[in-house]
Amino acid sequence: MKKQNTFIVTAAVTAAVIAAFWLLLAAPGYTGNEINMTRGVTAVSMTNYQLHMVVLWICVAIGVIVFSAMFVSIALHRKSKGHEAAQFTHSTTAEIIWTIIPVVILVAIAVPATSALVQMEVAPETEMTIKITGFQWRWKYQYMEDEIEFISSLQASSNAARRLASGTDPETVENYLLDVDKPLVLPANTKIKFLITADDVIHSWWVPALGWKRDAVPGFINEAWTEIMEPGIYRGQCAELCGKDHGFMPIVLNVLPRAEYEAWVSQQRQEMAHEQSQVERLWTRDELMELGENVYAAQCATCHQADGQGLAPAFPALAGSSVTTGPVQDNIDVVLHGREGTAMQAWSKMLTDSDIAATLTYTRNAFGNETGDVVQPQTIARIKNG
Amino acid sequence: MSIESTHSHDGDTHDAAHDDHDHKPSGFLDRWLFTTNHKDIGTLYLVFSLLMFFIGGSMAMVIRAELFMPGLQLVEPDFFNQMTTMHALIMVFGAVMPAWVGFANWMIPMMVGAPDMALPRMNNWSFWILPFAFTMLLSTLFMDSGGPAAGWTLYPPLSLQGGQSFAFVVFAIHMMGISSIMGSINVIATILNMRAPGMTLLKMPLFVWTWLITAFLLIAVMPVLAGAVTMLLTDHFFGTSFFNAAGGGDPVMFQHIFWFFGHPEVYIMILPAFGVVSEIIPTFARKPLFGYTAMVYATASIAFLSFIVWAHHMFTVGMPLTGELFFMYATMLIAVPTGVKVFNWVSTMWRGSMTFETPMLFAIGFVILFTIGGLSGLMLALASVDLQYHDTYFVVAHFHYVLVPGAVFALMAGTYYWLPKWTGHMYSEKWGKIHFWVSAISVNILFFPQHYLGLAGMPRRIPDYSTQFADFNMISSIGGFIFGASQLIFVGVIVHCVYKSKQAATGRVWEGAKGLEWTLSSPPPYHSFNTPPVIDSTTIAHAGEAH
């Protein structure tokens, strides 16, 4: 008898502690970490939130009923209380009932689940198109109508703090791991089509506030659409394992009212025109070295390391390498077109001609490479255009 | 070694005849390396899987330690990815699957009234392949190019970026597959050919039924996995383009092939668990299993459905609407037979005369926590919301609920249940219960917060995270450390039971136990039944519902 009491007390205390623990965290006054799915800012995300909550409560109800029956049985039908075991073995009626009731519940869930999926997958007429390309480990955005394109990478402050034993407390970095150098700027209340693909491995583009994620598959183009109802900053991350820096390729949306968005577009177009004129002029060695050092730190150092020593075995050293100290032509070729089957990408798709020229100049003269070579942006442009 | 002293049960007509023919090999190598005995091979499988459980578990400790707080403190991201990949491969192929084959080896011949497995020499080979396969797999961690780091799903093109060590991974998977298929052939041959006269299919214990169905699943899908990884191998080393879009291939095709294997695979890990729990609950409720026939049909239905739901792992790859609807509906259907099982377990307990020894505690823990994992599975089935849940910690929480307090709790329940039968000694009930309570509490602290993390937007397979996820990651890690450490109690209880326990087990062991294995002495004779036992309705658990 005493043993059974110990059992009941242990079980009750355990259950109470666990329940109190979770209820406390879920209580309305709780101000700590978020514990539920976002409602988001699109019709699709709100539909998904509602469906999630409905099914969650159905599951809770099923759980409460099933577990209650179990706990009643555990409390009453125990040998220590002298309960004699009944010897019934089956009931076809019962089996039919608890087959049919779940089927009815499932059909009831399937109806809203089907309409939610149709709402998401059947795209309306869209007003603009953004092409998203996943790279290891950054996103490229192209505005198909406005001919704007840029790369969006992890913000430098996060990128420094996230190094192994960096000594920087992530709590001191604003939006740690969820900030980028150039966010994707989008207009509010506009139906936008996304064309999603990847250049190297599979990535997945996910902003929870939009209500979905979609895989970016190399060689294939996936479509998705959205209409964001409220201007604001929305953050997300790559959701498909894509290599060592999978955790470090965030997505940031800066959603603007229509008029502000238009202003941003014209400013971007001016900047791109300015960039074009930069390619055509001759740069000094110092200008190239300065820009090259910045680009190297932002784009190359992740793999080849700040000191050019690389990370054996996957990421070769640039210091004293046969590529960075060999013929310029071959070096340009590797940077522009990448190396098949390795993480070395075709940078012609991601960086401007000035950036590439500057980086080449930098890597051929830094880390003790001292080749004395200067690579001009117009050289890169000429090679790229055949 | 004398076993007569433990005879204390009824219906015992077999043992006396056995003792004279109990030819245990004497040398260590003869006994273990060249063994063809189902019990010795079962022991080898179980010890091997326990070792793998700790190796895979220590990788989980590395993962939880790195995720203890934001920022990278311990390992580089690439090594973190090797740990998540290896943890899964080791736990799935090295811990859970071989453990179930170990149970099958020990119990199926005793449960159907056979002297041994049908194909004893193949049995030896199917075990001894495994240590070599896993040595090869683990050795990749020490190679220049490191271990596999693309996740256990090995999705190309990422997995193809791995270095030379990838070939070792593929060959290790081939060997595990060969081992599993041979084990399955043996199980099927034993069950279909070696049952004692009168042990009709619908009188077999549910554990035997679930393993029979599992064995067919294994034979159906392990070759599919072998094909998939072979194509990865040739894409990587021989320039083919099965999964390379630039060469006319399709990376998504790999995912379809992988999950055609992968979804039945998750049922391969859970169906024998259903079987074990269906043995334990009636024993400690002192009441026959409710709805035996329905349980058999439910298991078969789950197995069938497992072949037509695979693409629910791939709702985000860009499938046509009709495809998504089909896989959503088919997946939701699985809730029906799974529900039938849970309702039958509860009905078995209902109006029983229950006691709560360690096996029963783990079985009840299984039913509750597996049901929680099943319910989150229903949520994941809904394709549109899955586009939010997919690849987040919500999924991690879901599959760990069905695998850890699911499959692993059932393995522990089965171990405590049959350990006295295997060893002839009782384990320490006190320490068994401590093991249960510490495990049951810590496993929830470990995995429950991961639901919150996923819903709040934390992707899986990341080595570092934004500060908004800090609290629950720390709680989860603390739970993980306690859960990991508490498994040392399990080892302690087993070692004590095998080598130190002075309390002899009776043949029956448990007051309410029914089934042929309990008619044998504890420990049972080296060859279980040399003459077929007489099947009578008082000794077996399922004498037919109609009577």
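How much area is buried between chain B and chain A, and what share of it do carbon and sulfur atoms give? In this predicted model, the two chains bury about 8900 Å² between them, with 69% of that coming from carbon and sulfur atoms.

Let's stay with that interface for a bit. On the chain B side, 107 residues are in contact, and they meet 102 residues of chain A. Polar contacts turn up too: the rule finds 26 residue pairs across the interface, both partners at pLDDT 80 or more. Several helices of chain B each bring at least two residues to the side that touches chain A, among them α4 (77–112), α8 (251–285), α15 (429–455) and α16 (470–500). Sort the residues on that side of chain B by type and you get 65 nonpolar, 26 polar and 16 charged.

Now for the charges. Side chains of opposite charge can pair when their charged atoms come close. The whole structure holds 14 salt bridges over all chains, while the count between chain B and chain A is one. Here are two of the pairs:

| Salt bridge | N to O distance |
|---|---|
| Lys79(A) – Glu511(B) | 2.9 Å |
| Arg162(A) – Asp245(A) | 3.2 Å |

Terms used
Residues numbered from 1 in each chain as written. Chains lettered and ligands numbered in written order. Predicted model: local features only at pLDDT ≥ 70, side-chain atom pairs only at ≥ 80, totals over all residues. Heavy atoms only, no water. Contact = heavy atoms within 4.5 Å. Buried area = accessible area lost by both parts, 1.4 Å probe. Salt bridge = Lys/Arg side-chain N within 4 Å of Asp/Glu carboxyl O. Polar contact = N/O pair within 3.5 Å; in protein donor to acceptor, adjacent residues only side chain to side chain. Helix = DSSP H or I, 4+ residues; strand = E, 2+ residues; numbered from the N terminus. Nonpolar A, V, L, I, M, F, W, Y, C, P; charged D, E, K, R; others polar.
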